[in-house]
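Hi everyone, thanks for making time today. I'd like to walk you through a structure that may be new to you, so let's bring it up on the screen.

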Amino acid sequence: MNLFVLLQAPAAGGGFLSGGGGTILMMVAMFAIIYFFMIRPQNKKQKEIQNFRKGLEVGQKVITAGGIHGKIKEVKDDYIVLEIADNVRIKIDKNSIFAAASDASQAESK
């Protein structure tokens with residue numbers, strides 16, 4: 001019976017980590033981990049995509065968010081005109097444009 005009571009009793013003594021300061025320290029550590037492994041890489045990727053969309057040029061091959069492959073024929077402020085086949089052009093919002101996979105791999109190898 002005494003062993004059972006001892007096992008349930010809270011630990012005696014305590015240092016900085018067992019008090020209220022330990023809770024704050026753990027919260028700061030958790031936020032730092034979340035920031036460096038989730039938030040920061042996502043922001044970095046968003047900046048890369050935004051810079052890519054600002055640098056769109058006529059003749060560049062791209063892919064839309066819907067998976068349509070084409071070549072840029074005209075670039076405006078909010079949209080582009082994309083040629084997806086001979087004499088078949090569509091107007092696409094710039095926010096739904098991504099780099100073509102072949103272009104992205106060539107840029108990384110340079």
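Let's begin with K73 and E83, which form a salt bridge, with their closest N and O atoms 3.4 Å apart. Please keep in mind that this is a predicted model. Where do these two partners sit? K73 belongs to strand 2, residues 69–75, and E83 to strand 3, residues 79–85, so their pairing ties together parts that are 10 residues apart in sequence.

Now, are they buried or exposed? K73 counts as partly exposed, at 32% relative accessibility. E83 counts as buried because its relative accessibility is 17%, and the cut-off for buried is under 20%.

E83 has another partner, too: its side chain meets that of R89 in a salt bridge, at 3.9 Å from N to O. Through shared partners, then, K73, E83 and R89 are joined into one network.

How many salt bridges are there by this rule? The count comes to 3. One of them links the side chains of E74 and K76, with 3.4 Å from N to O. E74 is partly exposed at 34% relative accessibility, and K76 is also partly exposed, at 38%.

Let's move on to another part of the picture, the nonpolar surface. M30, F31, I33, I34, Y35, F36, F37, M38 and I39 make up a nonpolar patch there, and together they have about 950 Å² of accessible area. Take M38 as one of its members: you'll find M38 in helix 2, which covers residues 20–54. With a relative accessible area of 56%, M38 is exposed, since exposed means over 50%.

Definitions and conventions:
Residues are numbered from 1 along each chain as its sequence is written. This is a predicted model: local features need pLDDT of at least 70, side-chain atom pairs count only at pLDDT 80 or more; totals for chains, interfaces and linings use all residues. Side-chain values use heavy atoms; hydrogens and water are left out. Patches are made of residues with over 30% relative accessible area and no salt bridge: like charges are joined within 9 Å, nonpolar side chains (Val, Leu, Ile, Met, Phe, Trp, Tyr) within 5 Å. Accessible areas come from the Shrake-Rupley method with a 1.4 Å probe; for residues, only the protein chains shown count as cover. A salt bridge is a side-chain nitrogen of Lys or Arg within 4 Å of a carboxyl oxygen of Asp or Glu. Helices (H or I, at least four residues) and strands (E, at least two) are DSSP runs, numbered from the N terminus. Buried means under 20% relative accessible area, exposed over 50%, partly exposed in between (1.4 Å probe, protein chains only).
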